[in-house]
Amino acid sequence: MTGNVTEHREELHDPAELGELERSILHIVWRRAEVTAEDVRASMEANDRPLKDSTIRTVLRRLEEKGYLTHTVDQRTFVYRPAEARRVVAGRAVKRILDWFCEGSVEDLLVGMVDSKVLDRKQLQRLADRIAASKKETR
C-alpha cells in the first residue's frame, strides 16, 4: 500500500458523543481491521441498512477527524483502519460513566454492575484474578 497514515488527534473524543451510525460503522472497521467505503456500504446493505456512498464517506471522514480511524491511500482508494483498539475506546467510555455517575469510584461501578446483574460474581472473580496476574507480571 502507498500513502501516508493520517495523524491521530491529540485531544481524545468522548465516545458517548458518537451517533448510532458512527458506532455501527466503527464496529464494522473493528471487526474487519481495514475497510474501504465500498466494504462499509456492502456490510451496511447486508444488514438491511443501505446508505448512500456520500453518507458513508462523510461518516468515515468524521470518525477519522474524531481520532477513531486512520487511513492510507491505495491507488486513489482510501483504506481505513482503527486508530485505537476497541478496548481503549471502551475504557474511555467507562471513564466517562465513572465520572458522571460514580464520582470516579471503580468500586461503586463494579458493585453496581453486580447489583444490576450486568456482571455476575464469577465474572467479577475472573476479573480480580486477571488484575492479580497482571500485577505479578509488572513486578
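1. Helices, meaning DSSP runs of H or I with at least four residues, and strands, meaning DSSP runs of E with at least two, are numbered here from the N terminus. With that convention, Thr36 falls in the loop between helix H1 (20-32) and helix H2 (37-46). The model under discussion is predicted, so that local features need pLDDT of at least 70 and side-chain atom pairs count only at pLDDT 80 or more, while totals for chains, interfaces and linings use all residues. Residues are numbered from 1 along each chain as its sequence is written, and side-chain values use heavy atoms, with hydrogens and water left out.

2. On the overall fold, the protein contains six helices and two strands, and reading along the sequence gives the pattern α-α-α-β-β-α-α-α. The radius of gyration, taken over C-alpha atoms, is 18 Å, whereas a compact globule of 139 residues would be near 14 Å, the globule rule being 2.2 Å times the number of residues to the power 0.38. Along the principal axes, the C-alpha atoms fill a box of roughly 50 × 40 × 25 Å.

3. On burial and surface, 27% of the 139 residues count as buried, where buried means under 20% relative accessible area, exposed means over 50%, and partly exposed lies in between, with a 1.4 Å probe and protein chains only. The protein exposes about 9,800 Å², of which carbon and sulfur atoms supply 51%; accessible areas come from the Shrake-Rupley method with a 1.4 Å probe, and for residues only the protein chains shown count as cover. As for contacts, defined as heavy atoms within 4.5 Å, 55% of those between residues at least 6 apart in sequence join residues at least 24 apart.

4. How is the largest pocket lined, and which residues are the closest to its centre? A pocket is identified on a 1 Å grid over the protein atoms alone, as an open set of points where a 1.4 Å probe fits, with protein on both sides within 12 Å along at least five of seven lines, and its lining residues have an atom within 4 Å of a point. The largest pocket has a volume of about 560 Å³, and of the 15 residues that line this pocket, the closest to its centre are Arg87, Gly91, Val94, Leu110 and Leu127. Grid points are joined across faces, edges and corners, and the volume is the space filled by probe spheres set on the points. Helix H4 (86-101), helix H5 (106-115) and helix H6 (121-138) each supply at least two residues of the lining. The lining divides into 10 nonpolar, two polar and three charged residues, with Ala, Val, Leu, Ile, Met, Phe, Trp, Tyr, Cys and Pro counted as nonpolar, Asp, Glu, Lys and Arg as charged, and the others, Gly among them, as polar.

5. Two residues deserve a backbone check, given that most residues other than glycine have a negative phi. Asp48, in the loop between H2 and helix H3 (53-65), has a positive phi near 55° and counts as exposed at 71% relative accessibility. Arg76, in the loop between strand E1 (69-74) and strand E2 (77-82), likewise has a positive phi, near 80°, and counts as exposed at 80% relative accessibility.

6. Val79 lies in strand E2 and counts as buried at 5% relative accessibility; its C-alpha atom is separated by 10 Å from that of Ala33, 46 residues apart along the chain.

7. Two glycines may be read together. Gly19, in the segment before H1, counts as partly exposed at 29% relative accessibility, and its C-alpha atom is separated by 14 Å from that of Ala93, 74 residues apart along the chain.

8. Val118 sits in the loop between H5 and H6 and is exposed, with a relative accessible area of 54%. Leaving aside residues up to four places away in sequence, Val118 touches Met113 and Gln123. Val118 and Ser43 are 75 residues apart in sequence and 29 Å apart in space, C-alpha to C-alpha.
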